[in-house]
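Please open the structure in your viewer and keep the sequence beside it, so that each selection can be followed in both places. The tour moves from the whole chain to single residues.

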Amino acid sequence: MTKPLRENRDFRLLWLSGLFAVLGGQMSALALPLLVLKETGSPVQAGAVGTVSVGAVLITMLPGGVMADRIERRRLMRLCDVGSLTVVTALTIAVLYGHAPMALVLLVAAAGAVISSVYAPAVFGLMRAVVPADQMGTATARLQARTQTARLVGPLVGGALFGLHPALPFAVEALGLLASTVCVALVRTRSRARTTAGSAFSKRELTAGLTFLWKVPYLRTVLLIFGLGMNFAFGSLTFIALTAFSDGGRSGIGGGFVISCVSAGALAGALAAPRISPGRHSRVLIVATCWTCVGAAGVMAWLSRPVVAGLMCALCMFLSTVASIGFLSKLLVVTPEEKVGRVQSAAGFLSSMVQPFGPLAGGALLMAFGGRWAFALTGCVLAVSALVVTFAPSARAEPSPPQAPEAEGRAEPADPVEPEAKHAAPGV
């Protein structure tokens, strides 16, 4: 009988490790641009921190998946934690001494983004070995709830600590990374994918995840329409709401309420997902999310009030979070073990590559047509995506999990074993 997740020691350690790392990362995400603004007084240079982070993530996401499929995943996670701890400690010391060069700040931002690109697929690869397939949806939901909680709390704590002393957010992040390193070191399960021949960063290896996703019609359709298209359109929708209800920048109350509702909806969805079993109903949840977003755009076009917009965005984000958890848990189950890192990185790359352009498109629509028509036109884009997800034959045929090979692609046991038993399957 499968033991519940609360009794799964390695999963608890992975959950705690991510909590410490993500909470520290959210604190520094706010503190880094504030530090640059304090040092230089230039909003442009402060904004460069976010630009460097996003660019570094997109560039290194696919290579990060390759590394997660080539190196023993627990060891790779420890190396990532140590690397993050090193650069954050260096920045903390520089701030304590009264001067943090812009080059060092950008290096920390870029290093954090690069390390995250490697760390994330390694986590999902190791979780595949730690968590049974029938508990993957619940495990993914708990990780998502942890992340959303950190995103709500981290910036508030980081801002408060920065007000006391600019070095405090980075010092606390360094302590969190140290705790994360210890948690990962205590994990007993090992996970090493099958090593393939050829160059690690050849075109074939870098695109292996994209190739796998393209060959599975269901994954291809959902990622292109729900992941890429809906992310773009919903980003545009929320930016239109943020701008339209901020009274031309004279008041942040209405726009702030909308963004707070988006965060609250994401957290509520992550907390509710284990009760809904999203992995079993992923397609239904995806379709419901798409049509709810269409309805939300129509309601916001008809009733231009911040409260209405906030509640509709919260509902959309609630359903989107649950549907995303269901899709991710299914993706982890149906992906061959030796490709988990590359496939997870490829899915993240497809879902995020156009996300930064959503607010740009929303701003252009708002300037050209005004608030009501901007909402309506965005709703039309969302409606096209909803129609494809609802009626496309490829979106209806959900894939089945692959059969694992006998002697490779399994998680390695933690204790030393004889060579012929090296790849035996662990208890989970």
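What follows is a list of stops, each with something to select and a description of what is there.

**Before selecting anything**

This is a predicted model, in which local features need pLDDT of at least 70 and side-chain atom pairs count only at pLDDT 80 or more, while totals for chains, interfaces and linings use all residues. Residues are numbered from 1 along each chain as its sequence is written, and side-chain values use heavy atoms, with hydrogens and water left out.

**The whole chain**

Begin with a cartoon view, where the chain shows 15 helices and two strands; these are DSSP runs numbered from the N terminus, helices (H or I) having at least four residues and strands (E) at least two. Of the 428 residues in the chain, 49% are buried, where buried means under 20% relative accessible area, exposed means over 50%, and partly exposed lies in between (1.4 Å probe, protein chains only). Among contacts (heavy atoms within 4.5 Å) with a separation of 6 or more, 86% are between residues 24 or more positions apart.

**A network of salt bridges**

Next, select Asp 69, Arg 70, Arg 73, Glu 205 and Arg 342, which are linked in a network of salt bridges; a salt bridge is a side-chain nitrogen of Lys or Arg within 4 Å of a carboxyl oxygen of Asp or Glu. Look closely at Asp 69 and Arg 342, whose closest N and O atoms are 2.8 Å apart. Because Asp 69 lies in helix H2 (residues 43-70) and Arg 342 in helix H13 (residues 340-352), the pair ties together parts that are 273 residues apart in sequence. Asp 69 is buried, with a relative accessible area of 3%, and Arg 342 is buried as well, at 6%.

Now turn to Glu 205 and Arg 70, a salt bridge in which the closest N and O atoms are 3.6 Å apart. This pair links distant parts of the chain, with Glu 205 in helix H7 (residues 203-206) and Arg 70 in helix H2, 135 residues apart. Glu 205 is buried, with a relative accessible area of 7%.

**A bridge between neighbouring numbers**

Select Arg 9 and Asp 10, which form a salt bridge with their closest N and O atoms 3.3 Å apart.

**Rings**

Rings of Phe, Tyr and Trp (its six-membered ring) pair if their centres lie within 6.5 Å, and planes under 30 degrees apart count as stacked, over 60 as edge-to-face and the rest as tilted. Here the ring centres are 6.3 Å apart and the planes stand at 45 degrees, so the pair is tilted. Tyr 218 lies in helix H9 (residues 217-244) and Phe 327 in helix H12 (residues 306-334), so the pair ties together parts 109 residues apart in sequence.

**Two last selections**

In helix H6 (residues 168-186), select Glu 173, which is buried with a relative accessible area of 9% and touches residues including Gly 24, Met 27 and Val 88. Finish in helix H14 (residues 357-369) with Met 367, which counts as exposed at 77% relative accessibility.

Notes
Lists of a residue's contacts leave out its neighbours within four places in sequence.
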